[in-house]
Amino acid sequence: PAPESLISPLRLSSVRGIMGHLFFCLLLWFCLTVTVLVLPSPSSLSPGEPGSMTVTWTTWVPARSEVQFGMQLSGPLPLRAQGILTTFVDGGTLRRRLYIHRVTLRKLLPGVQYVYRCGSAQGWSRRFRFRAFKNGVHWSPRLAVFGDMGADNAKALPRLRRDTQQGMYDAILHVGDFAYNMDQDNARVGDRFMQLIEPVAANLPYMTCPGNHEQRYNFSNYKARFSMPGDNEGLWYSWDLGPAHIISFSTEVYFFLRYGRHLVHKQFHWLESDLQKANKNRAARPWIITMGHRPMYCSNADLDDCTKYESKVRRGLGGKYGLEDLFYKHGVDLELWAHEHSYERLWPIYNYQVLNGSFQQPYTHPRGPVHIITGSAGCEERLTPFVIRPRPWSAVRVKEYGYTRMHILNGTHLHIQQVSDDQDGKIVDDFWLVRPLHSRMMYL
Ligand SMILES: *[C@@H]1O[C@H](CO)[C@@H](O)[C@H](O)[C@H]1NC(C)=O
Ligand SMILES: *[C@@H]1O[C@H](CO)[C@@H](O)[C@H](O)[C@H]1NC(C)=O
Ligand SMILES: *[C@@H]1O[C@H](CO)[C@@H](O)[C@H](O)[C@H]1NC(C)=O
Ligand SMILES: [Fe+2]
């Protein structure tokens, strides 16, 4: 069908005209609260087990929360789902009120494409589409991964939109730092950013973790605008995707202690127990991938935490809650970071020691986790330079705008590519991470 058939008769602009200040921005995520967090065994994901997807949007006036959806690209949308409305009051001087709608679509058929619109009788969004995740572990998810994308100078966004339209991805991982900043101008920068990412985020699960730019008013814009799995306001959570278990967490608990030192402890113990559960399920889902905003290593020419030997993320606070030991002990395969506005790949590493699989094939059966720092999607702060002499543990450094593609082929093979937006989409880094199916739980 022609693309016009996807546009509802009532266009977004005319909706705005009618309602005065009704405004939409949409986000999807794969709701795994039941299938994963409560019942982490693979049997809970048996074929036929229904998937779900949560749609999140914002209006500037109170309204009902409804999603109409169906499987036909055009024509009526026969299915309905209702959700909940919460009022978000921004912390700025105007105390602006935003109305956040969350509707979960359930019993989705695996791998099937759905069309939906959301809103209420007061006004409907245009139509969007998404594909429900496939069931089970034997499929090959493709993701785009990046951090540090602002409302201004979002260099990666046009290509990400094109990639999304072409159906290149199953999900997006945005590794912290949004909009610069969502709270700015009484949260209007947040509104503008959500509208900008809508063509991606309304058609694909857009998975997030908090970065330092979200910290105002105790991360309240972040907590309000995104809906992540679990019951922790998206600060830390995990989810399963094909052969991978993906853990998202907040590095910011180590830095913004004024919001509560107890959060460091709470998150650390959650991470430990989540990693234990993931390892019990490792035969089914061999990959454990983490995402957190501030890296524990980097070779950038600034004074960030990752440039320090005793990085807080790596070593914790006062010798406690360090993440390097925790992730190494539980055999984490891949650690995704951002915060530095550049791309850097490390040789497999633990405690500053390079642990190549072999000299010829460092990423085949590596003896330590692999780190990728991908924070160059583009923001007003521009790119971060590197120190002149590369560190011995640094494999590749790219100071160009871009983002990362990750293809989780199967339980043993994972492919990473770095796309350069400065070079019109050229692939500027490309490697395969290969780990055996067995003895994944511990590095030897
Ligand atoms: C900040 O938010 C977290 C999680 O929502 C909460 O546990 C903590 O108490 C809050 N801190 C303050 C100072 O309100
Ligand atoms: C790891 O492998 C890379 C690529 O072959 C090599 O340049 C580097 O020196 C190796 N490091 C160690 C410690 O073996
Ligand atoms: C994963 O794919 C690679 C490349 O096709 C193949 O060599 C490998 O045997 C596969 N692994 C599993 C567990 O199927
Ligand atoms: Fe940051």
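**Sheet, helices and ligand shells**

Mentor: Seven strands make an open sheet of mixed pairing, ordered 15-16-17-20-24-21-25. Strands (E, at least two residues) and helices (H or I, at least four) are DSSP runs numbered from the N terminus, and two strands pair if DSSP finds at least two bridges between them. This is a predicted model: local features need pLDDT of at least 70, side-chain atom pairs count only at pLDDT 80 or more, and totals for chains, interfaces and linings use all residues. Residues are numbered from 1 along each chain as its sequence is written, with chains lettered from A and ligands numbered from 1 in the order in which they are written.

Trainee: In strand 17, which residue is the bridge partner of A244?

Mentor: Strand 16 (residues 244-248) pairs in the parallel sense with strand 17 (residues 287-291), over five bridges. The partner of A244 is W287.

Trainee: Is helix 3 roughly parallel or roughly antiparallel to helix 4?

Mentor: Helix 3 (residues 157-165) packs on helix 4 (residues 184-201) at about 30°, with axes 8 Å apart. Axes are lines fitted to C-alpha atoms over the stretch in contact, and angles run from 0 to 180 degrees between N-to-C directions. Angles under 35 degrees count as roughly parallel, over 145 as roughly antiparallel, 65 to 115 as roughly perpendicular and the rest as oblique. So helix 3 and helix 4 are roughly parallel.

Trainee: Which residues surround ligand 1?

Mentor: A residue counts if its C-beta atom, placed from the backbone, lies within 6 Å of the molecule. They are N218, E233, Y259 and G260.
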